[in-house]
Amino acid sequence: MARFWVCAAGAGLFLAFLLLHSRFCGSPVLRNFAFKISWRTEKILYRLDVGWPKYSEYFTGTTFCVAVDSLNGLVYVAQRGDNIPKVLVFTEDGFFLRSWNYTVDTPHGIFAASTLHEQSVWITDVGSGSYGHTVKKYNSFGDLVQILGTPGKKGTGLNPLQFDNPAELYVEDTGDIYIVDGDGGLNNRLIKLSQDFMILWLRGENGTGPAKFNIPHSVTVDSAGRVWVADRGNKRIQVFDKDTGEWLGAWNNCFTEEGPSSVRFTPDGQYLIVAQLNLSRLSILAAPPVGSIGDCSVISTIQLADQVLPHLLEVDRKTGAIYVAEIGAKQVQKYAPLNSYVSSFGS
């Protein structure tokens with residue numbers, strides 16, 4: 001039987017839990033959950049937005065990834081399955097807008113990289129079909145704009161560029177692209193491309209030493225110019241200089257049970273949000289100061305129900321909301337920052 005763990009800081013949070021349970025007491029799904037209260041004192045920073053999305057029936061497949069276009073208030077969800085729309089588009093308030101399914105085989109990671117002049121959606125495709133093993137750029141309506149990699153052919157080559165199960169990417173406002181390749185395939189590497197898709201630097205091969213990877217699964221960049229990679233198989237996060245690719249350090253003390261599957265920073269850069277797939281856990285980690293990597297420090301956790309399996313997540317760069325793609329629960333959930341924490345974004 002699945003379990004739902006709630007971290008309670010006091011009676012007020014317990015009351016909120018009761019209200020949440022009463023709202024869904026008629027649900028045949030939630031009636032099967034056993035609820036257990038943990039009275040462990042912890043800093044509570046987020047609450048589940050039970051109203052997002054407005055209608056969860058649009059999730060008809062296995063939800064692998066989610067992206068947020070904070071500039072335009074849009075949320076993109078990519079899911080897997082047969083004869084279903086692969087990409088769903090919602091508003092940040094949870095209203096469904098549209099879907100598309102063009103040239104997407106088996107999505108793994110997704111990223112929204114919008115500017116005032118262009119709305120872009122990037123998808124890593126790990127499928128075995130004619131569009132597999134590629135990183136693809138779309139507009140917001142699903143029109144294919146750019147293909148990176150050799151469609152339908154996995155490989156290790158750099159000229160032409162080839163991928164094998166590319167896991168995820170992060171696109172800076174400058175247009176520079178960071179790709180982790182791959183999710184259990186031939187490659188275990190981090191690649192930085194320029195905005196015109198030239199290779200600027202490459203790090204990694206299979207291994208356990210510094211700058212080596214075992215399933216690099218997620219990548220993000222902080223405001224201090226550091227690249228953070230979820231080195232899932234090695235149960236650590238590795239950090240690199242974004243300009244040179246120099247290895248800066250690693251965190252492994254927070255991941256003795258399971259490696260990280262997703263990494264994203266909060267808009268203020270104060271925290272790093274990390275998902276651990278099989279533990280069904282989100283951890284809020286303290287970001288280190290500039291010039292130091294130090295050790296990993298857990299500030300707070302969000303324990304999800306058993307077998308929810310959070311795969312990849314995204315953080316809205318305006319509101320700070322966390323969106324979590326859950327392959328076990330086959331849904332995306334939204335966690336909104338508490339009011340006292342939101343106010344710090346503007347300070």
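Me: Are D125 and K136 buried or exposed?
Reply: This is a predicted model. A residue counts as buried under 20% relative accessible area and as exposed over 50%. By that rule, D125 and K136 are both buried.

Me: Which strands hold D125 and K136, and how many residues apart in sequence are the parts that the pair ties together?
Reply: The side chains of D125 and K136 meet in a salt bridge, with 2.7 Å from N to O. D125 lies in strand β9 (residues 120-125) and K136 in strand β10 (residues 134-139). The pair therefore ties together parts whose distance in sequence is eleven residues.

Me: What is the relative accessible area of D181?
Reply: D181 and R189 form a salt bridge through their side chains, at 3.1 Å from N to O. R189 is buried, with a relative accessible area of 6%. D181 is buried too, and its relative accessible area is 0%.

Me: Which residue forms a salt bridge with R226?
Reply: A salt bridge needs a side-chain nitrogen of Lys or Arg within 4 Å of a carboxyl oxygen of Asp or Glu. Here the closest N and O atoms are 2.8 Å apart, and both residues are buried. The partner of R226 is D222.

Me: How many salt bridges does the count come to?
Reply: Among them are the pair D125 and K136 and the pair D181 and R189. The count by this rule comes to 13.

Me: Which residue in β6 stands opposite L74?
Reply: Strand β5 covers residues 74-80 and strand β6 covers residues 87-91. The two run antiparallel and are joined by five bridges. Opposite L74 stands T91.

Me: What percentage of the residues of the chain count as buried?
Reply: The chain has two helices and 26 strands. It exposes about 14,900 Å², of which carbon and sulfur atoms supply 51%. Of its 347 residues, the share that counts as buried is 52%.

Key. Residues numbered from 1 in each chain as written. Predicted model: local features only at pLDDT ≥ 70, side-chain atom pairs only at ≥ 80, totals over all residues. Heavy atoms only, no water. Pairing = 2+ DSSP bridges. Helix = DSSP H or I, 4+ residues; strand = E, 2+ residues; numbered from the N terminus. Buried < 20%, exposed > 50% of the residue type's maximum accessible area, 1.4 Å probe, protein only. Areas by Shrake-Rupley, 256 points an atom, 1.4 Å probe, with all protein chains shown as cover.
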